[in-house]
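Open the model in your viewer and keep the selection tool at hand. The tour goes stop by stop.

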Amino acid sequence: MTWEEAAAELREALLSSDFVRAVANTGTQRVTVRPIEVKSGPALQIVTEDGVRPTTKTVPVTKAAIEPLLDERYRNWHVETARQTVKVQISKKGRVLLSKGGPPAAPVTAAKGHDREKQHLLDPGDPLFDVIGGDARKRRQVDAFLRALDAALPAEVPDRLRVVDLGCGNAYLTFAAYRHLTERGLDVHLTGVDVREDQRERNTRLAAELGFEKVDFVAGTILDAKVEGAVDVVLALHACDTATDEALARAIEWDARWILAAPCCHKDISRQLRKGTETALTRSGILRERFADVLTDSLRSAILRDQGYAVDVVEFVDSAHTPRNLLLKATKLQATKAVHGNPQGPSGDYQSLVSDWGVRPHLAELLHRIP
Ligand SMILES: C[S@@+](CC[C@H](N)C(=O)[O-])C[C@H]1O[C@@H](n2cnc3c(N)ncnc32)[C@H](O)[C@@H]1O
């Protein structure tokens with residue numbers, strides 16, 4: 001086989017909609033490719049390690065963007081999609097060997113008592129996805145998010161549940177959550193909110209096509225969208241930057257009993273750190289960004305606790321499916337309407353974080369508008 005023939009197979013797998021991950025190496029250099037979601041849509045994250053320091057870049061899912069990677073002629077390639085595994089090896093004598101196998105082994109599911117957990121709450125091959133779309137990564141994220149939602153809701157959840165999905169985009173999670181919760185026997189009214197009118201139109205059409213009568217969509221900002229009724233559950237999957245803060249503020253304002261928010265990029269605090277005094281944690285751009293991620297979500301958790309929520313921070317899905325895999329799970333401790341703002345003022349946890357780092361979280365600003 002020629003290298004060009006093998007490269008064509010690698011290219012097809014790397015650009016396929018169900019691409020999961022790829023690893024290539026040669027001598028001391030190793031490169032890992034993962035599908036990620038950025039603001040403009042699906043992208044590939046390429047991490048190159050040469051034993052000194054890793055470099056990370058994000059490229060679009062296009063032939064032109066991956067060509068330089070294939071031109072490197074790494075000696076070993078291992079590419080996984082949801083359907084198959086493609087391996088290419090170049091021997092010392094320059095022979096090109098290609099092998100293809102089935103999909104990567106499914107993760108082992110933990111045994112629970114005598115039962116094994118169902119592998120999926122919503123199988124990535126479920127016909128619902130034929131209607132609503134979504135690539136392999138999004139389907140897995142949605143399934144994992146449903147698991148977290150399922151675990152967060154107690155057995156004695158009210159029969160009628162008002163759920164809102166903030167920053168719903170194409171509403172993959174909205175439709176999936178509605179399907180799952182109604183299958184659980186609940187009377188669910190679910191509203192998806194997104195600033196884009198075209199999303200509202202598309203999603204409303206799909207809801208009608210699916211016969212999901214109690215799913216509706218509102219075009220508007222998370223902060224100001226008109227949502228009817230008392231909200232029990234707030235969902236937010238990858239609402240960009242401070243849109244996650246808007247979702248948390250709205251959930252607090254509504255006194256939602258359950259909040260599940262998987263944040264996306266964290267630009268606000270990173271910007272504030274960049275303007276502040278340089279420290280060993282903030283001097284390098286990459287470290288500052290990573291630290292800003294941790295600081296932002298620590299501040300959000302502290303604020304939620306001050307608002308009477310029990311907060312758990314978990315990784316809801318494997319990082320192979322999205323690097324944005326953190327989930328803030330918050331449960332209101334008292335079901336009664338609480339006074340907004342902790343009567344004792346912000347906790348020491350919160351105060352020391354803001355004063356040590358000289359930052360003002362967007363969520364704290366937003367809470368001022370709550371009556
Ligand atoms: C990265 S997408 C995620 C969409 C969806 N939750 C998902 O995971 O597939 C973020 C969505 O949030 C919407 N959005 C961002 N800021 C918003 C805001 N302030 N109010 C309403 N929607 C917003 C965008 O239009 C976009 O559709």
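**Stop 1: a helix crossing.** Select helix 8 and helix 9. Helix 8 makes a right-handed crossing as it passes helix 9. This is a predicted model. For the selection, helix 8 covers residues 267-275 and helix 9 covers residues 285-306. How far apart are their axes, and at what angle do the helices pack? The axes lie 8 Å apart, and the angle is about 120°. The two helices are therefore oblique to each other.

Now show the side chains at this crossing. From helix 8, pick Ile269, Ser270, Leu273 and Arg274. They meet Arg288, Glu289, Ala292, Leu295 and Thr296 of helix 9. Colour this contact of helix 8 with helix 9 by class: four residues are nonpolar, two are polar and three are charged.

**Stop 2: the other partner of helix 9.** Is the crossing of helix 9 past helix 10 left-handed or right-handed? It is left-handed.

Helix 9 brings Leu295, Ser298, Leu299, Ala302, Ile303 and Asp306. Helix 10 brings Asp349, Tyr350, Leu353 and Trp357. By class, this contact of helix 9 with helix 10 has seven nonpolar residues, one polar and two charged. Look again at Leu295: this helix 9 residue meets helix 10, and it also takes part in the contact with helix 8.

**Stop 3: the ligand.** Centre the view on the ligand. Which residues come nearest to it? Of the 21 residues around the ligand, they are Gly167, Gly169, Val195, Leu237 and Ala243. Next, highlight helix 5 (172-183), strand 11 (187-194) and helix 7 (243-254). Each of these elements supplies at least two residues of the shell around the ligand. The shell has eleven nonpolar, six polar and four charged residues.

**Stop 4: the two domains.** Zoom out. Colour domain 1 (3-101) and domain 2 (111-367) separately. Their centres, taken over C-alpha atoms, are 32 Å apart. Twelve residues from domain 1 and nine residues from domain 2 make the contact.

Now turn to the side of domain 1 that touches domain 2. Strand 1 (19-26), strand 2 (29-38) and strand 3 (41-49) each give two or more residues to that side. Strand 2 gives the largest share, four residues. On this side of domain 1, five residues are nonpolar, two are polar and five are charged.

How values were computed:
Residues are numbered from 1 along each chain as its sequence is written. This is a predicted model: local features need pLDDT of at least 70, side-chain atom pairs count only at pLDDT 80 or more; totals for chains, interfaces and linings use all residues. Domain bounds come from an automatic or database domain assignment. Two residues are in contact if their C-beta atoms, placed from the backbone, lie within 7 Å. Ala, Val, Leu, Ile, Met, Phe, Trp, Tyr, Cys and Pro count as nonpolar, Asp, Glu, Lys and Arg as charged, and the others, Gly among them, as polar. Axes are lines fitted to C-alpha atoms, for helices over the stretch in contact, and angles run from 0 to 180 degrees between N-to-C directions. Angles under 35 degrees count as roughly parallel, over 145 as roughly antiparallel, 65 to 115 as roughly perpendicular and the rest as oblique. A crossing is left-handed if the near helix is turned anticlockwise from the far one by less than a right angle, and right-handed if clockwise. A residue is near a molecule or strand if its C-beta atom, placed from the backbone, lies within 6 Å of it.
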